[in-house]
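Please read the points below with the model open beside you. They go from the overall layout to single residues.

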Amino acid sequence: MTAGRHATRDGSFGRSAAGPMLRGAVLIALAFAVGFAILAAFDPPATRVVTSGDGGDEVTAPGDATTTTTAPPAEDPPSDTPAQPQAHDPAAVTVLVANGSGVAGVAGKVTDQIVAPAGFKTSAATNANANVATSTLYYEAGYEADAAAVAALLSPAPVTAALAEPYPVPALAGANLVLVVGADLSASVQ
C-alpha cells in the first residue's frame, strides 16, 4: 500500500466511513425533531376568528372544539374633527344686533323683544355695513353652540357663520355674536 491511498479491495474504507456517516444522519434527524418540538411549543397553531351576526365571535383552532365568545362592543375610532364647543351661560354671551334690512328700528326690536328676554347680554343695536336679503348670525370661535341657541329663537332662523374680517358692522362693541337682520327676518319682527 502507498501513502495517501486506501486499500479498496479489503473494504476497510467502507467500514471506516459508514459508522460516522450513520451517526451524523441520526444527529441531523434528532436536531430536526427537537427544532420542530421547540417551534410547536412557542408558536401556537393559527386560529381563525369569524364574526357571527349575533355579536359573538366563533374561534376555531386546529384540534380544538369550536367556542363562541361575545365580543365587547366596538369603540368608535378616534375622530379627526374636534369636539363641538358647549354653549355658555347666556348671561356671559354678548349679542350685537345690526340692521341690514333697510327698515328703521328692526335691530332694536329684535334686541328688546327676542335676544334680551332670552337672557343674553346685548350691545346697543346698530346698523350693518350693508343691507342684505338673508339674515346671518356671526359667531366668534368657541361660540358656535351659542349662535345655534340664538338662531333657534328667530323665525326664519338666520344662517350662522364664523365671524371674520372685514366685519359686517363698523365696530364689534365686545360682542361674541353679531346678528345682521336682513329683509327676511325684518318682515316677521314688524
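**Notes on the predicted model**

1. From the N terminus on, the order of elements in the protein is α-β-β-β-β-α-β-β-β-α-β-β-α. That makes 4 helices and 9 strands. Helices (H or I, at least four residues) and strands (E, at least two) are DSSP runs, numbered from the N terminus. This is a predicted model, in which local features need pLDDT of at least 70, side-chain atom pairs count only at pLDDT 80 or more, and totals for chains, interfaces and linings use all residues. Residues are numbered from 1 along each chain as its sequence is written, and side-chain values use heavy atoms, with hydrogens and water left out.

2. The accessible surface of the protein is about 12400 Å², and 60% of this belongs to carbon and sulfur atoms. Accessible areas come from the Shrake-Rupley method with a 1.4 Å probe; for residues, only the protein chains shown count as cover. Of the 190 residues, 25% count as buried. Buried means under 20% relative accessible area, exposed means over 50%, and partly exposed is in between (1.4 Å probe, protein chains only).

3. Contact means heavy atoms within 4.5 Å. Among contacts between residues at least 6 apart in sequence, 66% join residues at least 24 apart.

4. Which residues touch the most other members of the largest nonpolar core? They are Val95, Val97, Val110 and Leu177, in a core of 20 residues. A nonpolar core is a set of buried Ala, Val, Leu, Ile, Met, Phe, Trp, Tyr and Cys residues joined through side-chain atoms within 4.5 Å. At least two residues of this core come from each of β4 (94-99), α2 (106-115), β7 (136-139), α3 (144-153), β9 and α4 (183-189). Helix α2 gives the most, with 4 residues. A second, separate core has 9 residues, among them Leu96, Ala128, Leu163 and Val180.

5. Ala107 is found in helix α2 and is buried because its relative accessible area is 4%. Not counting residues up to four places away in sequence, Ala107 touches Val97, Ala98, Asn99, Ala125 and Thr126. Ala107 and Ala128 are 21 residues apart in sequence, and their C-alpha atoms are 9.6 Å apart in space.

6. Ser186 has its place in helix α4. Is Ser186 buried or exposed? Its relative accessibility is 5%, so Ser186 counts as buried. The side chain of Ser186 reaches the backbone oxygen of Ala183 at 3.0 Å. Beyond four places in sequence, Ser186 touches Ser101, Val103, Val106 and Val181.

7. Asn176 lies in the loop between β8 (159-162) and β9 (177-181). With 10% relative accessibility, Asn176 counts as buried. Its side chain and that of Tyr143 are joined by a polar contact of 3.4 Å. A polar contact is a pair of N or O atoms within 3.5 Å; within protein, one must be able to donate a hydrogen and the other to accept it, and residues adjacent in sequence count only if both atoms are side-chain atoms.

8. Ala173 is found in the loop between β8 and β9. Ala173 has a positive phi of about 55 degrees although it is not a glycine. Ala173 counts as exposed because its relative accessibility is 55%.

9. Two cis peptide bonds deserve a look. One joins Ser155 and Pro156, with omega about 0 degrees, and Pro156 has its place in the loop between α3 and β8. Another joins Glu165 and Pro166, with omega about -5 degrees, and Pro166 is in the loop between β8 and β9.

10. Thr160 is found in strand β8. At 37% relative accessibility, Thr160 counts as partly exposed. Not counting residues up to four places away in sequence, Thr160 touches Leu137, Tyr139, Ala147 and Ala151.
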